[in-house]
Amino acid sequence: MRLFVLALTALLVLLPSLLILFAPERSLRARLPWALAAFLSPLATFGLVRMVPLLSNNAPEAAQWARFLGLLLSGGGFFLPWILFAIFLHRR
């Protein structure tokens with residue numbers, strides 16, 4: 001099971017970062033910040049969820065909507081690199 005999670009993480013996070021980094025049309029100076037942002041975006045969303053106690057359900061007054069928002073941000077962190085990759089491809 002751990003191998004599956006590792007492969008899924010590599011597919012959802014590392015692959016779009018590498019595709020941005022090795023895009024042939026743009027210079028390395030334009031590609032590097034986008035690739036770094038795509039690679040670090042899941043860490044940023046997980047960090048945001050862990051820093052805000054309401055989102056990680058660590059506060060006694062946490063409501064269901066706050067925990068649901070935390071779950072959406074945690075899961076969305078894996079798809080954010082692909083969204084950044086699509087934005088990178090279609091911007092001029």
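Modeller: Happy to! Let's look at helix α2, whose buried residues pack against α1 (2–21), α3 (64–76) and α4 (80–90). Packing here rests on contact, meaning heavy atoms within 4.5 Å. Helices (H or I, at least four residues) are DSSP runs, numbered from the N terminus, and buried means under 20% relative accessible area, exposed over 50%, partly exposed in between (1.4 Å probe, protein chains only).

A word on the ground rules. This is a predicted model, in which local features need pLDDT of at least 70 and side-chain atom pairs count only at pLDDT 80 or more, while totals for chains, interfaces and linings use all residues. Residues are numbered from 1 along each chain as its sequence is written, and side-chain values use heavy atoms, with hydrogens and water left out.

Now the helix itself. α2 has 24 residues and spans 33 Å from its first C-alpha to its last, close to the 34 Å expected at 1.5 Å a residue; that expected span is 1.5 Å times one less than the number of residues. There is a kink of about 40 degrees at L40, shortly before the proline P42. The bend at a residue is the angle between axes fitted to the seven residues ending there and the seven starting there.

Which residues of α2 are buried? They are R31, A35, A38, S41, P42, T45 and V49. Follow T45 for a moment: it counts as buried because its relative accessibility is 11%. A polar atom of the T45 side chain lies 2.9 Å from the backbone oxygen of P42. Leaving aside residues up to four places away in sequence, T45 touches L73, G77 and L80.

With that same exclusion, A35 touches S17, I20 and L21. A35 also belongs to the largest nonpolar core, whose 7 residues are I20, A23, A35, A38, L84, F85 and F88. Both α2 and α4 give two or more residues to this core, and α4 gives the most, with 3 residues. Such a core is a set of buried Ala, Val, Leu, Ile, Met, Phe, Trp, Tyr and Cys residues joined through side-chain atoms within 4.5 Å.

Note on methods: A polar contact is a pair of N or O atoms within 3.5 Å; within protein, one must be able to donate a hydrogen and the other to accept it, and residues adjacent in sequence count only if both atoms are side-chain atoms.
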